[in-house]
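Welcome! Let us take a short tour of where a ligand sits and what surrounds it.

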Amino acid sequence: MSSSQAFTVQPSAAARSDADRQAILAAPGFGNHFTDHMVAIRWTRADGWHDARVQPYGPLSLDPAASVLHYGQEIFEGIKAYRHADGSIWTFRPQANGARLQRSAKRLALPELPVELFVESLRQLIAVDGAWVPSAPETSLYFRPFMIADEAFLGVRAAQKASYYVIASPAGPYFTKGVAPVSIWLSTDYARAGKGGTGAAKCGGNYAASLLPQTIAQAQGCSQVLFLDPVEGKYVEELGGMNVFLVFADGRLVTPALSGSILEGITRESILQLARDRGLQVEERKVSIDEWKQGVADGTISEVFACGTAAVVTPIGELKGEGFSVGSPDAPAGEVTMSLRKELTDIQYGRLPDRHGWLVRLDA
Ligand code: PLP
Ligand code: COI
């Protein structure tokens, strides 16, 4: 099917009242509440993509033999809708998310959804659930597009049947403390991805692998876990759900180079662009954990931050691990961090001109 082919729209009989929706939008949190509808599109090897629908939000009916339940053949995306001051609804670089979903699909042997159909699926959901995009500062509607293999077959091979869905969840800050600096925990015993593995894909398995180290991090009072490269255990890769940047006191902005096991973050790429636009010296290269520890301790590194769609740009105050800690949980948010954060969000919320053509309107 092409993106212009009609979606069948089945309105929910259980849509929340305006008052109930407003109560949710007043304090959305992150990932707690879902809108009244969802998108579903089917795929079979024989028929390709077909049967696109906007249907009431609700449980999926899956055969217990569905491959996703046994072999983890699943991928997803994270992308937000932002309400501008004039009430219009926009999203940020959706073609980049659509292209990444295709790369993830390829790695997980799932079918590639056309990028135009990906963007159209967001538009279709907004057409029925646009009222769920909050308008308070720092809030958005977080889309979670995902694809599962739902063929009932236990042989280990790429499934011949899959479904793509989009659900949406009104969102405030990902971290409960808002944009305050967070502490992170260095995992040395566990990696989220291996050489030649699925680290560069956005698939559920990577997050499953991060949950035990994430639990350990939380027990240590940290809100995210930092992973090192899976080969030498020496170079910084990324957090469980975010990329990382180091700001050097001499003005350089450094982030780990894409290694094949790091997720190519769209926020990461956008921050790199904004920094280049400012004339900052930007380096994508290997960063050893020793360089980080030493640099923060001796002041060569003045700020560290995490970035991602959910996290936006979040200052990292402290890095802890077995037997060490650098930085401080009470460190103030860095100036460069907060100014890049402001520029990015000003573009996303329409408060600054969109000079790179990153925004796409969803409600018109
Ligand atoms: N790295 C991981 C493991 C993530 O889950 C995310 C979030 O999507 C990111 C990085 C940042 O990617 P993006 O900026 O595209 O949201
Ligand atoms: C996102 O930022 O979209 C993610 O998928 C990361 C996760 C921590 C929610």
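How many nonpolar, polar and charged residues does the lining of the largest pocket have? By class, there are 14 nonpolar, 13 polar and five charged residues in that lining. Please keep in mind that this is a predicted model.

## The largest pocket

The largest pocket has a volume of about 590 Å³. Its lining counts 32 residues, and those closest to the centre are Tyr174, Tyr207, Gly240, Gly241 and Met242.

Several elements each supply at least two lining residues, among them strand 7 (140-149), helix 6 (266-277) and strand 15 (301-308). Helix 5 gives the largest share, with five residues.

What takes up the space of the largest pocket? That space is taken by ligand 2. Around ligand 2 you will find Phe76, Gly78, Tyr142, Arg144, Tyr174, Lys202, Gly241, Thr309 and Ala310. This shell divides into four nonpolar, three polar and two charged residues.

Oxygen atoms of ligand 2 take part in some polar contacts. One is 2.6 Å from an N or O atom in the side chain of Tyr142, and a polar side-chain atom of Lys202 lies 2.7 Å from an oxygen atom of the ligand. With Thr309, a polar backbone atom is 3.5 Å from a ligand oxygen. Taken alone, ligand 2 exposes 290 Å², and the protein buries 89% of that.

## The second largest pocket

The second largest pocket holds about 270 Å³ of space. Of its 20 lining residues, Asp229, Glu237, Ser259, Ser261 and Lys286 are the closest to its centre. The lining of this pocket has eight nonpolar, six polar and six charged residues.

Technical notes. Residues numbered from 1 in each chain as written. Chains lettered and ligands numbered in written order. Predicted model: local features only at pLDDT ≥ 70, side-chain atom pairs only at ≥ 80, totals over all residues. Heavy atoms only, no water. Near = heavy atom within 4 Å. Polar contact = N/O pair within 3.5 Å; in protein donor to acceptor, adjacent residues only side chain to side chain. Areas by Shrake-Rupley, 256 points an atom, 1.4 Å probe, with all protein chains shown as cover. 1 Å grid on protein atoms, 1.4 Å probe; cavity = no way out; pocket = protein on both sides within 12 Å on 5 of 7 lines; lining within 4 Å. Sits in = over half its atoms within 2 Å of the grid points. Nonpolar A, V, L, I, M, F, W, Y, C, P; charged D, E, K, R; others polar. Points joined across faces, edges and corners; volume = space filled by probe spheres on them. Helix = DSSP H or I, 4+ residues; strand = E, 2+ residues; numbered from the N terminus.
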